[in-house]
Amino acid sequence: MTRSTPDRNDPAARGTATAEASGDAVAGEAAVGATAVEALTEADARAEHAALAREIRANDEAYYREDAPVISDAAYDALRRRLAEIEARFPELISPDSPTQTVGVAPSETFGEVRHAVPMLSLDNAFTEEDVADFVGRVRRFLRLGADEPLVVTAEPKIDGLSLSLRYENRRLVLAATRGDGTTGENVTANARTIADIPDTLPADAPDIVEVRGECYMAHADFAALNAREAEEGGRVFANPRNAAAGSLRQLDPAVTARRPLRFFAYAWGEMSGVPEATQYDMVARFGRWGLPVNPRMTRCDSAEALIAAYRAIEADRANLGYDIDGVVYKVDRLDLQQRLGFVSRSPRWAIAHKFPAEQATTVLERIEIQVGRTGALTPVAKLKPVTVGGVVVSNATLHNEDEIRRKDVREGDTVIVQRAGDVIPQVVSVVLDKRPEGAEPFVFPTVCPACGSHAVREVNPRTGREDVVRRCTGGLICPAQAVERLRHFVSRHALDIEGLGEKQIVAFFNDGLIASPADIFTLEARDARSLKKLKDREGWGATSARNLFAAIEARRRIALARLIFALGIRHVGETTARLLAQAFGTWEAFAAAVTEAADRTAPAWHELNAIDGIGEVVAEAVTDFFAEAHNRDALRLLIAEIEVERAEPRVAIESPVAGKTVVFTGSLEKMTRDEAKARAESLGAKVAGSVSAKTDLVVAGPGAGSKLKKAAELGIEVIDEDAWLALVEGR
Ligand SMILES: NC(=O)c1ccc[n+]([C@@H]2O[C@H](COP(=O)([O-])OP(=O)(O)OC[C@H]3O[C@@H](n4cnc5c(N)ncnc54)[C@H](O)[C@@H]3O)[C@@H](O)[C@H]2O)c1
Ligand SMILES: [Zn+2]
């Protein structure tokens, strides 16, 4: 696995909650209130504030934790601006957890946590020249500077990467951490050590403790090469260099980071056992002498006008820098003045980021093409008459989804406004209606998958009654667009668990036509015996590895029903749900017959399915949609003919102190692995959740527990340690 974060569409890794969250997030682009803030009633403001905060948080998760944003930065910034405007008028809505008061998101559990000795903050934003003048005025007033007293402010490019803190003790690199939520970040020391730009040691004149902070980023050329390579190998293609940098640094396996061309610019610092210079400018110069890369475009300015001139100069050069920047950062130069200015909630008072406007151009949309993603999402892409936007030639732009096309009424042949907003994937902003050719028809979004001909459906969220914005192919088992992803999931550890059949082998076998659907795995050996091009003669293989693979496959010909159901990769069907279904139906035949019948929502089978404890409508729909697709049923018939599915024992009512409780494990456990703890808890009737919420009954915390523990304390949820947990479940 070369992924740092769980795949967003892996049903095992993503609960319904995340799926809904990101669905809301997409819808959020349209959700910025239409009413002027001045005209809002208090009740409307409260409701909109809550909705905005939810959307911002969902987008934060996608952006910071999964390195896969769902909306453009410009759309995201608009949500934030609206939230801030509402809070300005209704200050009672400002709570400590409002997005205006917080930084980023809490670190992902998969990395060790690092508490920052000095918090890592965000930056306030300026979008107009007026905002810049306001900033300078605010600083001067705060410092009570007279009209003739100079104020020097630096200007430097705002690199679009992710911030990284490097701690040197006695001039050796000892710790590297991401920003996280500003207080606690992720430990990425081993990853940072693989970055050539980052020195292992500092020279003798550096103090004993030095925390260098700066931006980890990926240059344009490296980004393009990486994406080309990933696309070829069936890996993950990144939307833009920032996501590529974040996704590459935040890898569980540092060897993967080492193969990614990451770079670094130093521009700030945290804890220091002595600050050797008196100004921002000189500190950065000092970092440069210590062997750290620093940006050559930093200048000193003495007025708002000079700052804007510096901004214009950097903007003019933006396309030639070779890496993405999304604005210019201004910082008060004198460190003693920085000290006096201090901080407000999430950003320093002595700095501001002057953001570039999104870059736009007008061109003709020639065609709308529907692409099918690795997880079956149908995404519309606008094929454009090539046009230069912000120095880059653009011929494709995203249209996001079906609703967006309808909302903007985008038609083939239209003249459209295209925007690049710092990120690399351009988007269609709007249609120039005056230029619509005669006879242009509204676009009809396909309801079958262009890759495999299966039905493509939109899920309905039973709670909100709203359709998911994404239309998905339901022919998962045969769809060539999804094949690799499905097969990878099918053989993964918690599914069929076939050793020696990783993503790399699957991609190679799929490309060579050896394995196209799950049944093919079990006929591989027989076909190999008859084939002239044998597995053992393939590059990187040999008689032993081929024999081992065949043995590993053979060992899985007998499989537990729950594992098989999970392995199918049906949306929303994770391990727990698969087990519930297996226990409820007992045999494959009974399960398959019932869920096929349940396609008819008036059939008794539909009600039986919904009556199973723990199975909600979302799951019931996903399962029946999957079996309603004839292509899937055909593929399953072939698979079942090759394997033997074990009968599942029915679930017995459990009497245990944790039955029916929702439990969260956090920190490191010493007496059991996470998987063991989870399986044990579930076997006792508890539900194991990944994050702490009001629904949590119990938190089991080991050493090193961080944000979840904090959250539990905030919510007043009972917290026990591992020993207490064992005593509880063992009845001691
Ligand atoms: N599209 C989305 O869904 C989504 C979601 C969350 C955030 N975002 C984007 O992320 C950004 C907001 O997040 P943020 O809190 O990280 O703040 P920010 O990017 O606006 O500013 C703070 C960051 O700027 C970086 N930076 C780069 N060059 C710098 C320099 N020379 N000096 C100082 N800092 C420098 C640092 O990493 C710092 O943490 C916005 O651009 C926003 O649009 C987008
Ligand atoms: Zn398909």
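## Reading contacts, cores and strands

Trainee: Which residues does Cys 479 touch, leaving out those up to four places away in sequence?

Mentor: Cys 479 touches Val 372, Gly 376, Cys 449, Ala 451, Cys 452, Ser 454 and Cys 473, with residues up to four places away in sequence not counted. Contact means that two C-beta atoms, placed from the backbone, lie within 7 Å. One caution: this is a predicted model, where local features need pLDDT of at least 70 and side-chain atom pairs count only at pLDDT 80 or more, while totals for chains, interfaces and linings use all residues. Residues are numbered from 1 along each chain as its sequence is written, and chains are lettered from A and ligands numbered from 1 in the order in which they are written.

Trainee: Is Cys 479 buried or exposed?

Mentor: Count other C-beta atoms, placed from the backbone, within 10 Å of the residue's own: 20 or more is buried, 12 or fewer is exposed, and in between is partly exposed. Cys 479 has 26 such neighbours, so it is buried. Cys 452 is buried too, with 22.

Trainee: Where do Cys 452 and Cys 479 sit in the chain?

Mentor: Helices (H or I, at least four residues) and strands (E, at least two) are DSSP runs, numbered from the N terminus. Cys 452 is in the loop between strand E18 (427–431) and strand E19 (456–457). Cys 479 is in the loop between strand E20 (471–473) and H13. Contacts of Cys 452 include Cys 473, Cys 479 and His 631.

Trainee: What does UniProt list for "binding site"?

Mentor: UniProt positions use the numbering here, feature names are shortened, and annotations may be inferred rather than shown by experiment. The unreviewed UniProt entry lists Cys 449, Cys 452 and Cys 479 for "binding site". They span 31 residues in sequence, yet no two of their C-alpha atoms are more than 8.4 Å apart, so they gather at one spot.

Trainee: Which residues have the most contacts inside the largest nonpolar core?

Mentor: In soluble globular proteins, nonpolar side chains tend to be buried together. A nonpolar core is a set of buried Ala, Val, Leu, Ile, Met, Phe, Trp, Tyr and Cys residues joined through C-beta atoms within 7 Å. The largest here has 57 residues, and Cys 449, Cys 473, Cys 479, Ile 565, Val 573 and Val 623 have the most contacts inside it. Helix H21 (residues 617–628) gives the most to this core, six residues. A second, separate core has 42 residues, including Ile 195 and Leu 292.

Trainee: Which strands does E7 pair with?

Mentor: Two strands pair if DSSP finds at least two bridges between them. E7 runs antiparallel to E4, and eight bridges join them. Arg 167 stands opposite Glu 211 in E7. E7 also pairs with strand E8 (residues 263–272), antiparallel, over seven bridges. There, Cys 216 has Phe 264 in E8 as its bridge partner. Eight of the nine residues of E7 (residues 209–217) are buried, so the rest of the structure largely encloses E7.

Trainee: How many residues surround ligand 1, and which are closest?

Mentor: A residue is near a molecule if its C-beta atom, placed from the backbone, lies within 6 Å of it. Ligand 1 has 25 residues around it, the closest being Asn 59, Tyr 63, Asp 73, Ser 122 and Ser 163. H2 gives the largest share of this shell, four residues.
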